[in-house]
Amino acid sequence: MLTPDEFPQFKSRPLVMATGYDYCFAGILEDAGVDIILVGDSLANVMLGLPSTRAVNMDIMSLFVAAVARGAAHTHITADMPYGSDATPESAVSNAQRFLTLGAHSVKLEGAKVEQVKALVSAGIPVIGHLGLLPQTAQSFKQVGAGEAEWENLMQAALELQRAGACAVVLEHMHFELAARITATLRIPTIGIGAGKNVDGQVLVLHDFMGLNQKPPPPFARAFASLRQAGLDGARDYCAAVRAGLFPD
Ligand code: KIV
């Protein structure tokens, strides 16, 4: 089981993070050897068909965190703090403790919430930061840092998260050169999604890299399997076998 004090090793070898939401796929991700499973609040979109990650709360996230913990008992699991759950340092700590009780090993929170990160770290809860595109509050889904004016603020936010004790930081849909500069500056690993190659690790959403969606994955992702097609073929064969009297034997 990867512990936060082992995270610095990913400054010299790539870290692999994948989102996972349920018992079955958590087992697949563990058997495949991913370093960290993120129970992302993206489950609002890909598991529940909701339009926004803001639609999930602690109760909903908790169901999925517990399922992933049952399916991947030997893998580091990080739980996304849902919108509003980390509004104050106190609520961040009590909600994160709930996730740890359910089997998570760290939490991830969106934005430069430095006081929340400090409180979590003081309470012994490992934290992964998240900068760049922040789906919980984003007004647009455009690449972040396209104008160099934002670069200094984002660099400072990354440094503040590191100083506050974050053990890694996700950089989402960020200008590649900015992500590379942040990566070269921080001593904690950066984990990119749509942030280019010059980061310390990558994270992808399960449904994108497994090819589970009807639509093609976003341009920065890649489908490494075609599970929707495989599932469709299996379901059609099942329907046909029952209707033809070929199942049961
Ligand atoms: O919820 C999520 O899936 C995420 C990743 C996109 C990093 O936060």
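Predicted model: local features only at pLDDT ≥ 70, side-chain atom pairs only at ≥ 80, totals over all residues.
Local features need pLDDT of at least 70, side-chain atom pairs count only at pLDDT 80 or more, and totals for chains, interfaces and linings use all residues. Residues are numbered from 1 along each chain as its sequence is written, and side-chain values use heavy atoms, with hydrogens and water left out.

Reader: How many helices and strands does the protein have?
Author: Both are DSSP runs numbered from the N terminus: helices are H or I with at least four residues, strands E with at least two. The protein has nine helices and eight strands.

Reader: Why is the protein as compact as a globular protein of its length?
Author: The globule rule is 2.2 Å times the number of residues to the power 0.38, and the radius of gyration is taken over C-alpha atoms. For 249 residues the rule gives 18 Å, so the protein is as compact as a globular protein of that length, with a radius of gyration close to that value, at 19 Å.

Reader: Which classes make up the shell around the ligand?
Author: Ala, Val, Leu, Ile, Met, Phe, Trp, Tyr, Cys and Pro count as nonpolar, Asp, Glu, Lys and Arg as charged, and the others, Gly among them, as polar. The shell has four nonpolar, four polar and four charged residues.

Reader: Where does a polar side-chain atom of serine 42 lie relative to an oxygen atom of the ligand?
Author: Polar contacts are pairs of N or O atoms within 3.5 Å. For aspartate 80, a polar side-chain atom is 3.1 Å from a ligand oxygen. Lysine 108 has a side-chain N or O atom 2.9 Å from one. For serine 42 the distance is 2.5 Å.

Reader: Which peptide bond is cis?
Author: Most peptide bonds are trans. Proline 248 is in the segment after helix 9 (227-243). With omega near -5°, the cis bond runs from phenylalanine 247 to proline 248.

Reader: What is the phi of histidine 173?
Author: Most residues other than glycine have a negative phi. Histidine 173 lies in the loop between strand 6 (168-172) and helix 7 (176-185). Its phi is positive, about 45°.

Conventions: Polar contact = N/O pair within 3.5 Å; in protein donor to acceptor, adjacent residues only side chain to side chain.
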